[in-house]
Amino acid sequence: MKVGGEKVENSFFVDSEKLSEAALEKKHRLENDPSSRKNHMEYLPGMEIIKSDICQKVMSHVETYDGTKYTPADVEAALGHETCSVEDFKALLSPAAEGYLEQMARRARLETRRHFGNSVCLFTPLYIANYCENYCVYCGFNCYNDIKRMKLSFEEIEREMRVIADSGMEEILILTGESRSMSSVEYIGEACRLARKYFRLVGLEIYPVNTDEYRYLHECGADFVTVFQETYDRDAYEKLHLLGHKRVWPYRFDAQERALAGGMRGVAFSALLGLSDFRRDALAGGLHAFFIQRKYPHAEISMSCPRLRPIVNNESINPVGVGERQLCQIICAYRIFMPFAGITVSSRESAEFRNGITKIAATKVSAGVSTGIGDHEKSIREKIRTALPETSSLR
């Protein structure tokens, strides 16, 4: 395989039919024998441990949350308050609030117009590598999957960025698979330096790193860091992340705080809704962002709202269905609870849903979410055309 013009051995696991007998045995042991997996709450060597009470604050609310206890009266009271409290936020995420979607949407729209006007920010993701060392059973990038692994050279990265910038885009999100060995911090840093030549804002969605490494990436030009916790349910997390650095739940949880301590301008939060109880995960993500903002009041905060798609032939996952009504409820609850936060909606959602939710609460749309490496030159203009909401101005 060639990586940036240089031949590199692919040392990652691949799909079962190509595994050696020993590797296949290890894969099955990880899947079927929990005792063969490392403790997902213990840090690995080299992982920075920070002193913070935010995790305890978030999880104390999440672990006692029972959405069924909230009544229509609780929802009406929450909507009547000028400032949305944590208890109000819990009510707005409850099943009882599904009957108040129109009222929630009206309130969310008022907050959005008050703080963001009638504009939507458009950005595009750029995958510069897709090597991964984790075994996450729901992810197509995982180290056992037989996919084409690539890593762009710096010349290829700059060519892609030039094409994106020429389309009028001012913000870019740089992504990699989670592999330090194939996508080093220095490699990502150089990509950030290139991005500063072309873009006003540079975001990163990479494997979590330590504070000093976030500081280095910020000095290279990165403004924002996005980290998906995937699920805040620690038991579900253990069953879904079987191998690799991503298995360590608390290190991932503290990533946004380390990024801000390293000088980043802003951070984004998300759970992959459907991996576990989506109401609890939505609550956890919102509270995570809320407590971070209170501790770092000058930080820019953003929420992403991806949904897990139904997965065929994977008995390890039982997606908890999140329909468009539930997704709309979550996004409106976020807007009412955190009126200043940016909210990103994926262009994987239907055009009808995107057009609707950007009129109500969302402030940012990704122009294409292809995980292909090096394909922007062929497709960027079509991605922009299909992602742009119909009645919003572009900024």
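What follows is a conversation about a predicted model and the terms used to describe it.

Modeller: This is a predicted model, where local features need pLDDT of at least 70, side-chain atom pairs count only at pLDDT 80 or more, and totals for chains, interfaces and linings use all residues. Residues are numbered from 1 along each chain as its sequence is written, and side-chain values use heavy atoms, with hydrogens and water left out.

Biologist: What makes a stretch a helix or a strand, and how many are there?

Modeller: Both are DSSP runs, numbered from the N terminus: helices are H or I with at least four residues, strands are E with at least two. The protein has 15 helices and 13 strands.

Biologist: Why is Pro339 called buried?

Modeller: Buried means under 20% relative accessible area, exposed means over 50%, and partly exposed is in between, with a 1.4 Å probe and protein chains only. Pro339 has 18%, so it counts as buried. Of the 395 residues of the protein, 58% count as buried.

Biologist: Where is Pro339, and what does it touch?

Modeller: Pro339 is in the loop between helix 13 (324–337) and strand 11 (342–345). Contact means heavy atoms within 4.5 Å. Setting aside residues up to four places away in sequence, Pro339 touches Glu111, His115 and Phe116. Pro339 and Leu110 are 229 residues apart in sequence, and their C-alpha atoms are 9.6 Å apart.

Biologist: How do you know what share of contacts comes from residues 24 or more positions apart?

Modeller: Take the contacts with a separation of 6 or more; residues 24 or more positions apart account for 74% of them.

Biologist: What makes a set of residues a nonpolar core?

Modeller: The members are buried Ala, Val, Leu, Ile, Met, Phe, Trp, Tyr and Cys residues, joined through side-chain atoms within 4.5 Å. The largest core has 106 residues, and Leu92 is one of those with the most contacts inside it. Apart from that core lies another, of 15 residues, including Tyr138 and Leu308.

Biologist: Why is Arg252 called buried?

Modeller: Its relative accessible area is 4%, so Arg252 is buried. Arg252 lies in helix 10 (residues 249–253). Beyond neighbours within four places in sequence, its contacts include Glu178, Phe228, Glu230 and Tyr237.

Biologist: What makes two rings an aromatic pair?

Modeller: Rings of Phe, Tyr and Trp (its six-membered ring) pair if their centres lie within 6.5 Å; planes under 30 degrees apart are stacked, over 60 edge-to-face, and the rest tilted. The whole structure has twelve such pairs.

Biologist: Why is the pair of Tyr43 and Tyr251 called edge-to-face?

Modeller: The centres are 6.2 Å apart and the planes make 85°, so the pair is edge-to-face. Tyr43 is in the loop between helix 1 (21–32) and helix 2 (54–62), Tyr251 is in helix 10, and 208 residues separate them. Tyr43, at 24% relative accessibility, counts as partly exposed. Tyr251, at 5%, counts as buried.

Biologist: And why is the pair of Phe290 and Phe337 called tilted?

Modeller: Its centres are 4.8 Å apart and its planes make 35°, so the pair is tilted. Phe290 is in helix 12 (residues 278–295) and Phe337 in helix 13, 47 residues apart. Phe290 and Phe337 are buried.
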